[in-house]
Amino acid sequence: MSSQKKRNFQIEAFKHRVVVDPKYAEKTWKILEHAIHEIYNHNASGLSFEELYRNAYNMVLHKFGEKLYSGLVSTMTLHLKEIATSVEASQGPLFLEELNRKWMEHNKALQMIRDILMYMDRTFIPSTHKTPVHELGLNLWRDNIIHSSNIQIRLKDTLLEIVQRERGGEVINRGLMRNIVKMLMDLGPSVYQEDFEKPFLEVSANFYQGESQQFIECCDCGDYLKKAEKRLNEEIERVSHYLDAKSEVKITNVVEKEMIDSQMNRLVQMENSGLVNMIVDDKYEDLGRMYNLFRRVPNGLGLIRDVMTSHIRETGKQLVTDPERLKDPVDFVQRLLDEKDKHDKIINLAFNNDKTFQNALNSSFEYFINLNVRSPEFISLFVDDKLRKGLKGVSEEDVEVVLDKVMMLFRYLQEKDVFEKYYKQHLAKRLLSSKSVSDDAERSLILKLKTECGYQFTSKLEGMFTDMKTSQDTMQGFYEAMGPVLADGPTLSVHVLTTGSWPTQSSTACNLPPEILSVCDKFRTYYLGTHNGRRLTWQTNMGSADIKATFGRGQKHELNVSTYQMCVLMLFNNADRLSYKEIEQAVEIPTVELKRCLQSLACAKGKNVLRKEPMSKDISEEDDFFFNDKFSSKFYKVKIGTVVAQKESEPEKQETRQRVEEDRKPQIEAAIVRIMKARRVLDHNNIVAEVTKQLQSRFLPNPVVIKKRIESLIEREFLERDREDRKLYRYLA
């Protein structure tokens with residue numbers, strides 16, 4: 001059993017020595033050599049490939065592999081030299097066609113030869129580390145054809161010339177080019193790169209360098225970019241049709257370097273057509289093309305961004321510092337919004353909504369909006385204008401769009417607390433005069449401010465709305481309780497305002513007419529009777545009145561006036577003529593307010609219910625005033641507005657600024673205490689940095705003011721200085 005197994009696995013040697021004919025190798029090789037000649041001469045149809053394979057197999061088996069291999073090399077070399085001569089002899093356009101035809105034939109022959117010598121390929125060649133038959137055929141083609149002294153340079157020049165002709169607009173045989181380039185690639189990456197790609201890139205660089213110079217001299221920026229884009233697309237298309245895919249990056253780099261990188265500074269700054277002109281003229285297509293081309297080169301987008309930022313900042317600076325623009329706050333803000341919309345559209349349509357460009361735009365707006373200290377006031381005036389009349393009849397969606405734009409500008413403000421101050425004043429006037437077009441719009445904006453800055457920012461604004469609602473209920477209760485008593489007197493409507501919620505007004509109470517004073521006293525009695533521990537102060541400067549007046553020929557009108565105007569007009573019930581001094585003494589209205597009041601009653605065209613002597617636009621203390629019997633209007637109801645500046649006067653502005661500075665002090669102190677409570681010990685510079693960081697959402701605190709607040713806290717023993725290091729502070733619990 002075991003011996004049977006042994007015989008199964010044992011391969012025994014020949015029992016007798018095989019004698020080989022001494023001329024066997026030579027005879028067999030001659031047969032194979034003849035077959036190779038026939039294959040190259042296109043006579044392979046009469047060959048028996050089975051017999052030829054057996055002959056090659058036997059030669060290798062009988063140790064004649066070396067003779068077979070060396071014979072193959074010499075025979076193929078002989079034929080390739082003949083092919084080289086044939087290719088060299090071809091002229092003009094036939095050169096590439098002949099080369100391509102011979103290459104196809106060589107590949108076909110090589111396939112047949114490899115089939116015949118398959119056994120040698122599998123056994124002899126690996127054991128002797130020789131080149132396989134197919135690779136050998138390619139190497140011999142490379143050495144004898146492609147690197148032939150008469151073919152190599154000619155092939156390179158011919159290929160480059162064809163590419164150049166195609167760049168010039170000629171139609172070329174792309175199929176032939178594809179075959180020749182593929183041949184070079186098949187011969188190995190180094191052949192393609194050294195014999196074609198490297199010189200192709202060099203020639204292309206020179207070509208595009210020259211062309212870019214030519215274009216830059218004769219084209220404007222937009223046309224140049226079109227030509228550069230066209231060239232870039234042509235090269236990408238060329239690669240896809242007949243070059244190695246790996247060449248795409250290299251050739252596009254050449255075009256980018258020569259046509260974009262080397263010229264981009266000149267293009268961006270080009271007079272009358274550069275980047276700034278494109279932005280000004282809204283050339284979205286050209287801007288998009290510039291963005292897509294410049295993003296391909298290092299620092300390309302950075303250059304566009306820097307030039308755009310510089311332009312926006314310069315334009316914005318001119319806008320916010322131009323004295324003419326500052327005359328109309330609403331127009332001022334509208335121009336800011338238009339400028340923002342314009343650049344948003346450019347970034348969206350041309351710059352692919354690039355976040356870095358959006359950030360640059362935001363930082364530019366933040367920069368120039370804060371150059372004008374009145375920006376917070378103007379933005380509040382813009383809101384005031386829109387919520388008074390500008391949004392009348394506008395859909396809810398459009399209202400939201402306007403409010404969102406306002407919030408966008410609000411975010412850019414560094415002094416958000418100044419905006420809050422003005423917004424509170426303007427909101428108060430709208431609510432008290434019932435001039436707001438939409439309570440929903442008012443509440444929507446307050447909600448947006450609350451989301452942006454937190455509850456503390458809007459708590460007083462919300463309190464103003466609460467007071468308005470409470471006042472309605474109070475007046476209803478007053479008339480229910482006092483109705484019979486008030487039957488014949490004037491109708492009174494009172495808004496009871498919580499002192500802390502509304503903008504504080506230093507008001508000097510004027511002398512009200514007796515009829516009005518009587519009703520006011522009744523309301524005071526009622527209100528204080530129903531609310532314990534409260535004090536009422538009349539804000540006559542904020543009130544309004546509707547009074548009925550009879551003019552000459554019995555013409556009657558209802559006049560809508562301010563409380564101050566009502567006080568002045570009621571004096572003329574008992575006198576036809578009054579001097580300025582007599583009016584001032586009777587009503588005790590502050591001088592500035594009185595002059596505004598008289599100016600609106602006597603000097604406003606079509607609203608002059610009083611006459612004055614001498615007649616002039618301004619009010620003087622020497623003027624005399626008369627009831628104007630000849631006043632007429634086509635309207636029964638006539639509104640007489642007070643002559644008042646839309647913007648604050650210089651003293652008012654300084655007063656508001658002073659109030660803002662005072663309001664900031666406790667906020668800065670609170671931030672210092674919060675920080676020191678957490679840190680216990682901190683140096684001066686770090687306190688300033690931390691305080692600025694905490695408060696920058698409302699305003700940018702001045703380091704000098706922070707230092708003063710620290711001194712104040714040290715005096716009040718919240719903090720102390722370190723005895724050794726005077727710049728170090730300690731928190732005192």
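Let's start with H23 and H24. Their axes come within 11 Å and cross at roughly 105 degrees. H23 and H24 are therefore roughly perpendicular to each other; that label covers 65 to 115 degrees, with under 35 as roughly parallel, over 145 as roughly antiparallel, and the rest as oblique. Axes here are lines fitted to C-alpha atoms, for helices over the stretch in contact, and angles run from 0 to 180 degrees between N-to-C directions.

A word on the source. This is a predicted model, where local features need pLDDT of at least 70 and side-chain atom pairs count only at pLDDT 80 or more, while totals for chains, interfaces and linings use all residues. Residues are numbered from 1 along each chain as its sequence is written, and side-chain values use heavy atoms, with hydrogens and water left out.

Back to the crossing. H24 spans residues 514-530. On the H23 side, the contact is made by Thr474, Met475, Gly477, Phe478, Ala481 and Met482. H24 brings Lys522, Phe523, Tyr526 and Tyr527. Contact means heavy atoms within 4.5 Å. By class, that is 7 nonpolar, 2 polar and 1 charged residues. The nonpolar class is Ala, Val, Leu, Ile, Met, Phe, Trp, Tyr, Cys and Pro; Asp, Glu, Lys and Arg are charged; the others, Gly among them, are polar. Helices (H or I, at least four residues) and strands (E, at least two) are DSSP runs, numbered from the N terminus.

H23 also turns up at a pocket. The second largest pocket holds about 430 Å³ of space. Of its 20 lining residues, the closest to the centre are Glu420, Lys421, Lys424, Lys460 and Asp663. Helices H21 (416-432), H23 (455-482) and H28 (650-679) each give two or more residues to that lining. The lining splits into 4 nonpolar, 7 polar and 9 charged.

Now the cavity. There is 1 cavity of 30 Å³ or more. On terms: with a 1 Å grid over the protein atoms alone, a cavity is a set of points where a 1.4 Å probe fits but cannot get out; a pocket is an open set with protein on both sides within 12 Å along at least five of seven lines; lining residues have an atom within 4 Å of a point. Points join across faces, edges and corners, and volume is the space filled by probe spheres set on them.

What lines the largest cavity? Leu32, Ala35, Ile36, Ile113, Ile116 and Leu117 do. H2 (24-40) gives the most, with 3 residues. By class, the lining is 6 nonpolar, no polar and no charged.

Next, the sheets. One is open, with 3 strands in the order E1-E2-E6 and mixed pairing. Strands pair if DSSP finds at least two bridges between them. E1 (544-550) and E6 (637-639) stand at the edges with a single partner each, so one side of each has no neighbour in the sheet. E2 (556-562) and E6 run parallel, joined by 3 bridges. Asn560 has Lys639 of E6 as its bridge partner. Helix H25 (563-571) lies across E1 and E2, at about 130 degrees to E2.

The other open sheet has 3 strands, ordered E7-E9-E8, with antiparallel pairing. Its twist averages 30 degrees from one strand to the next. E8 and E9 (728-731) pair over 3 bridges. Arg721 is bridged to Tyr729 in E9. Helix H29 (684-695) touches E7 and E9, at about 95 degrees to E7. Helix H30 (703-715) touches E8 and E9, at about 100 degrees to E8.
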